[in-house]
Amino acid sequence: MTTYQEFIQQNEDRDGVRFSWNLWPSSRLEATRLVVPVSCLFTPLKERPDLPPVQYEPVLCSRANCKAVLNPLCQVDFRAKVWACNFCFQRNPFPPSYAGISEVNQPAELMPQFSTIEYIVQRGPQTPLIFLYVVDTCLEEEDLQALKGSLQMSLSLLPPNALVGLITFGRMVQVHELSCEGIAKSYVFRGTKDLTSKQIQEMLGLMKPAATGPQGRPVAPQDAAAFLQPIHRVDMNLTDLLGELQRDPWPVPQGKRPLRSTGVALSVAVGLLEGTFPNTGARVMLFVGGPPTQGPGMVVGDELKIPIRSWHDIQKDNARHLKKATKFYEALGNRSAANGHSIDIYACALDQTGLLEMKCLSNLTGGHIVMGDSFNTSLFTQTFQGVFSKDHNGDFRMAFGGVLEIKTSRELKVCGAIGPCVSLNSKGPYVSENEMGIGGTNQWKMCSLTPSSTLGIYLEVVNQHNAPIPQGGRGAIQFVTQYQHSNTQKRIRVTTITRNWADAQSQIQHIESSFDQEAAAVLMARLGVFRAESEEGPDVLRWLDRQLIRLCQKFGQYNKEDPTSFRLSESLSLYPQFMFHLRRSPFLQVFNNSPDESSYYRHHFTRQDLTQSLIMIQPILYSYSFHGPPEPVLLDSSSILPDRILLMDTFFQLVIYNGETIAQWQKAGYQEMPEYQNFKQLLKAPQDDANDILETRFPMPRYINTEHGGSQARFLLSKVNPSQTHNNLYAWGQESGAPILTDDVSLQVFMDHLKKLAVSICLLCP
Amino acid sequence: MSQQGYVAAPPYSQAPPGMGGYQVGYAAGPAQPLYGHLGGAPHPFSAPAAGTHTSTKSAQVVVWNKHSFVFCFLRNIFNSSCLALPGQFGGMMPGPQAGMQGGFPGAMAGPPQKKLDPDAIPSTTQVIEDDKAKNGGQVYCTNIRGQVPPLVTTDFTVQDQGNASPRFIRCTTYTLPCTAELAKQCQVPLAAVVKPLANLPKNEAPLYAVNHGETGPIRCNRCKAYMCPYMQFIDGGRRYQCTFCNCVNEVPVFYFQHLDHMGRRVDFYERPELSLGSYEFVATLDYCKNNKPPNPPAFIFMIDVSYNNIKSGLVKLICDELKTLLEKLPREEGADCSAVKVGFVTYDKVLHFYNVKSALAQPQMMVVSDTTEMFVPLLDGFLVSYQDSKPVICNLLDQIPTMFADTAESETVFAPVIQAGVEAFKAAECSGKLFIFQSLMPTAEAPGKLKNRDDKKLVNTDKEKTLFQPQKGVYEQLCKDCVVQGCCVDLFLFPNQYLDLATMADVPSHTGGSVYKYNNFQMETDGEHFLADLRKSVQKHIGFDAIMRVRTSTGFRATDFFGAIHMNNTTDVEMAAVDCDKAVTVEFKHDDALSEESGALIQCALLYTNISGQRRLRVHNLSLNCSSQLSELYKSCETDSLINFFAKSAYRAILNQPLKNVREILVNQTAHMLACYRKNCASPSAASQLILPDAMKVFPVYMNSLMKTAPLVGSTELSTDDRAHQRLAVMAMGVEDTQLLLYPRLIPLHNMDVDSEVAPAPVRCSEERLTDSGLFLLENGHSMFLWIGQAASPDLIQGIFNLPSLAHFQGLMSTLPDVDNPLSKKVRAIIRDLQNKRPNSMKLQIVRQKDKPEMLFRQLLVEDKGLHGGASYVDFLCYVHREIRQLLT
């Protein structure tokens, strides 16, 4: 028997699924006692180069409220040519095309190695992808030039048949017509007026007002031709147009912010696509260089003396525009999601740009959020290029209009999902009343997906304690993901997984060893972050602590009232440490982060896959020295040594930190001397490794090269476990590590406290 | 309309009763004003009973004396049927048939009667010729108070010696009655027609600009009158007394100058403001909006590109013309190029703005579809200097016609177009002028959408006035916005049908703009005509963001103003723009008695932004005599100004009153004025004699003509839009224009001396003056006809038209062929000369005698019976005479 480690790895590679528990407690009561819910991280479009899609339609269960897809877990009667649905036990005849089926001639979807299978289906006309650029022109000249360059470059990356459109905005919003010869034509909207989708379409001449029908004729896509053109036809035209783009010409008086009509611009973009290409894959790409300052969706007024809201203001309920703006963008995001269009936000400015208010646009539609200091940085340019990266088949790593449906065997129900999705409000037998995350449905829409988009799915065991599941019974879950591939094909990917039921009373050790602490940490973190969006920070932390304590009480081995006796088994040993770092992470701590930064971090945390999420929770630290090959070291202040170079990856930042001695050597210029070639190589090694990470990571992390005592060293110092601080430095001796000037508790203190609580307070036990 | 509602309406001319308004109570007539009576029982023109009429035979006697033109006629043309005449004036006009048949049924049907010799009644052409002979080519010095200037039709040179040139100000009378009583008695309106930016001929010096530096113009502390020749320096020149309000002011130190032995300042001749009637001050920042110097004005061309205009080729015509026209934008004397910025907008249901920044390779078009809340989508690059952006603009003008070549849009907006202009000026912080070219009634869903409310059934009813009233709402506010921003609107209309001109022209007529109208526009026949108007309109001398104030010496004051103006209060005349052809007529009323000794002073100050963006103050001063003798007043009356005032006040009155009332009032007042003269000034004579003051002897013909103009004649034959158009056009006219409009020139061309330098003398506007073999040119400042008699000699036809005979004449010819003979050259020279002189271009229409279009021509023969109703000159005179006699008894 393979270890659980291998089993988990195998499952992840094949199906893109990581469960918190790989053995499922067989009753509701037992499940709740496990503290961490039965849940999984699911990556719907996990890259599977070894999985060629099949070119036919999936076979569905004929029961109207089931419609599960034929899968390897189904019982098949090859003689009678019928199969039994493993979810509703309906017996279904095979369709005529399966007439030749037999034990030796099985279709792929029945083979166990195809627990994940992808179908290419012919449904409706294939529509090209749509890219609508929404560009802020209230930028510094330098930024605008850089942005123009990036946009022009991106045209060459787009699929040639893709439709592109351009909206620019500043004080006014301009929708550029791309088709006309000669004069460059654009439609202009006032930046202060909220318009309905119908008004927008009328004003763009896309709808004949009420002449042909009661609500006006819905427009045929060709009517929108003026604004959305195949890139191969307007490449030159658009390149010129972008080239001629000027900064917003309206004067900005002293002491004022430029008037930026982001809200109306987005409203127009959404309205345009809504009217012309509903339910078609489309990306609205918003490039902003500052906060919206007028009209609907305004985040801050144009008076410079009134700064943009901070966490402090928000907590004091002092953020004037927050609620209104958030409501506006939420409505917009929901509309966009309903039409299957995703919205990306590329916000580059030194100050905040209103991501807090606008985040839902991307969160609801699966769009990207990229935050940088300037468009004139490699962080932006490379990230932006990353959007258009291609997989091994030469297809874009993006998919559109994804709909994920989850079917469960009858002992399970779906509580909800957390990730870049919106609920489709599909009530069914699989839906639990207990909501976790975006619940109340077993279908979610993800307007835009990448191979790394990952949802946290939360389940509930509904089997009652007194109705035991027969020994050896297995529960099953089917994930059906329909989406539009970037080559415009419609595809359906079906993943069917199964796990054994286990009786928690007799098999608690088995269940314990089936615990996937990494997945559990991420899943609990997602729950925490989801709560943090609506609750006060301390409440969330308290909730997390309680869960952790309960988990330790459940699975720890200890003598009551004896903290020193506390032990955790190997499968849980890292979990408290993850929680320690999670508590300190920017996802739950807003101190030192602007509201925009918090939104940005949380946005990425709730969509990345397990590995990346773990890096975010607990950054990775590598140490480089002359003593041996690079090695991962503890994320601890004790790892900061004078003769080491450290490379820290927090997902968002990549920090290279030269220890004190190394820095002195570098200053002395030893690396230039031929006799110290090895030092040069040592310096280079972390940079090479960093480059590897930079190349693959999306979004591009901020690359920081610093040294002992450098101002940027704070990025490292704020992450490491403060095992040595000014409070305990002398007690621990001076030789190892660097003290961190903080009052935060160290992991050691945290653990001690945890142990104490776990062994003592039984009152908290259910 | 209920009587109450009517009573509430503002009285005609806003005159308090008894202050020279229209009151019937001169003689024993009813005491209440006529116009207050519409709601009640029909109030017919008080027709004398047939029996009171003396009809005896007599020869006509025409007597000239010094001041009066006396002629009397005792004749038998007043037969019984003539008694229907009063009804014709006061009541309903007879239908067109009756009018067309040529007048009085009695005169036609009865046995041949001895007709009144038309030559015997006062002739306008004669009066004009006499004045020409007397004053033509002379120098007119303005050094005498209350001096009556030559007629507007006379060419003379003005030398400013302390009073404003008559080109700037003309008065109805140059001698004011000393008391309100007298004014009320004579009923002669006291008014001045001010054309503040009038063009001066080349041989007259342009106005001096006085610059007093940072202190600005010197003004009286109390009444704020500007320094002028009438100010009395006293106390050795240290102080001066304001002659307007008698306040004594200190002379500023920098302005001090010693007085000579005459009590005149030593620098009298060095300072225009001390020696001249008209001059300008350079305004300081205090006179500018927001205390900031204004930006140069801008012209925005706004072209309707809906189906009609594209199809007719108009859009292309405009675009082609602009390319050359923009080279000739008006500029300051001596400037290299014009400071005026230009911008372009095209529109149908939506507006297209163009970015024509010089840095661009191609113009950019910006579409604004949000017509409910108009805004300007761009700042930089919309209003540009033509010189800088010439290639881009030419590129744009080339592209516009092709860009919309396939348009099928048949609806347009209008109010948002003007709004866009206002917003553009607001954004650019300048004033300027919009040139709007529109062919349709704005029916698209947007603010200012109009609907067809033309209803011929209203003609000749109490509700007829609604046809002239603009629709309320959007346009009212727009007028205000325009005036505040200094946005003048010139509207060029190319209608094929009714387009509610009364409403569409509301903004132009309150912002100092003009409305041009080309019915059923056709490229071949109207193209040149329209372009000529456009050129004139663009190149005109014009001032923007103007505010005018008329100050008077104590005893009287300006009470009412007529023109293309906007009034926010009772004293400040606001004009978004004022050009060289726009005149404001100002009515004066007495406050107190005036003294014969000190006379009366008028100072008219206009603050405006000139074409290069400088703020200027133009001051016109005029001193008038005062007299307690009515004869003095009648002696210094000026008919042309009087009729200008009457035309404007009547045209304003028809907004509020039935036409019938207005016509009655006009006739009554005419009769009153003349009767008062007869009673007080003329030497006793037989009652049957009609005695007219010399200065007013042709007044009746003008008055009659005025009453026959389209707005005042209630005929369903006339288009409502045309009537509204004429009404508004007249409101802004100066004295020359109304004179010409009401008494067109009829010039015989068939027997002129082709070698002579001058054009032949016009003949009287009557059919009788036409000869079958003749060729006549008729013009009234708006239309021009070339009339060819049936029996015109083939030589004449060949010579001018290059056609063998009249029969070969086809279609509508709008220009004369270039034929190389002295006659043709002379005729074309005359036409060209007239076209140049008039503010508007006139479309030349060639009509043959007895052809259908001759009707249009005959309408302008104002001494004849009107085609759509209205009496002939002779009949009117008889009627007025009867009225006078009625009043005298």
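1. With which residue does Arg28(A) form a salt bridge, and how far apart are the closest N and O atoms? In this predicted model, the partner of Arg28(A) is Glu460(A), and the closest N and O atoms of the pair are 2.8 Å apart. Over all chains, the count by the rule applied here comes to 74 salt bridges.

2. The interface of chain A and chain B deserves a point of its own. The two chains bury about 1900 Å² between them, and 59% of that area is on carbon and sulfur atoms. Chain A gives 18 residues to the contact, and chain B gives 25 residues. The rule finds 3 salt bridges across this interface; in a salt bridge between the two chains, the side chain of Arg190(A) meets that of Glu373(B) at 3.8 Å, N to O. As background, side chains of opposite charge can pair when their charged atoms come close.

3. Within chain A, helix 6 (residues 262-276) packs with helix 8 (residues 322-338) at an angle of about 20°, the axes being 10 Å apart. An angle under 35 degrees counts as roughly parallel, and helix 6 of chain A and helix 8 of chain A are therefore roughly parallel to each other. Helix 6 of chain A passes helix 8 of chain A in a left-handed crossing. On the side of helix 6 of chain A the contact includes Leu266(A), Val270(A) and Glu274(A), and on the side of helix 8 of chain A it includes Phe328(A), Leu332(A) and Arg335(A). The residues of this contact divide into 5 nonpolar, 5 polar and 2 charged.

4. In chain B, helix 11 (residues 415-428) and helix 12 (residues 474-485) pack at an angle of about 25°, with 10 Å between their axes, and these two helices of chain B are therefore roughly parallel to each other. Their crossing is left-handed. Among the contact residues are Ile418(B), Val422(B) and Lys426(B) of helix 11 of chain B, together with Leu478(B), Asp481(B) and Cys482(B) of helix 12 of chain B. The contact of helix 11 of chain B with helix 12 of chain B divides into 8 nonpolar, 2 polar and 2 charged residues.

5. Another helix pair in chain B is formed by helix 19 (residues 699-707) and helix 25 (residues 873-888), whose axes come within 10 Å and cross at roughly 110°. That angle makes helix 19 of chain B roughly perpendicular to helix 25 of chain B. Helix 19 of chain B makes the contact through Pro700(B), Val701(B), Met703(B), Asn704(B) and Met707(B), and helix 25 of chain B through Tyr873(B), Phe876(B) and Leu877(B). These residues divide into 7 nonpolar, 1 polar and no charged.

6. Two points of backbone geometry in chain A may be worth a look. Most residues other than glycine have a negative phi, and most peptide bonds are trans. Phe698(A) and Pro699(A) are joined by a cis peptide bond, with omega about -5°, and Pro699(A) is placed in the loop between helix 18 (677-696) and strand 29 (702-707) of chain A. Asn425(A), although not a glycine, has a positive phi of about 55°, and Asn425(A) lies in the loop between strand 18 (422-423) and strand 19 (443-449) of chain A.

Methods
Residues numbered from 1 in each chain as written. Chains lettered and ligands numbered in written order. Predicted model: local features only at pLDDT ≥ 70, side-chain atom pairs only at ≥ 80, totals over all residues. Heavy atoms only, no water. Axes fitted to C-alpha atoms, helices over the stretch in contact; angles between N-to-C directions. Helix = DSSP H or I, 4+ residues; strand = E, 2+ residues; numbered from the N terminus. Parallel < 35°, antiparallel > 145°, perpendicular 65-115°, else oblique. Left-handed = near helix turned anticlockwise from the far one by under 90°. Contact = heavy atoms within 4.5 Å. Nonpolar A, V, L, I, M, F, W, Y, C, P; charged D, E, K, R; others polar. Buried area = accessible area lost by both parts, 1.4 Å probe. Salt bridge = Lys/Arg side-chain N within 4 Å of Asp/Glu carboxyl O.
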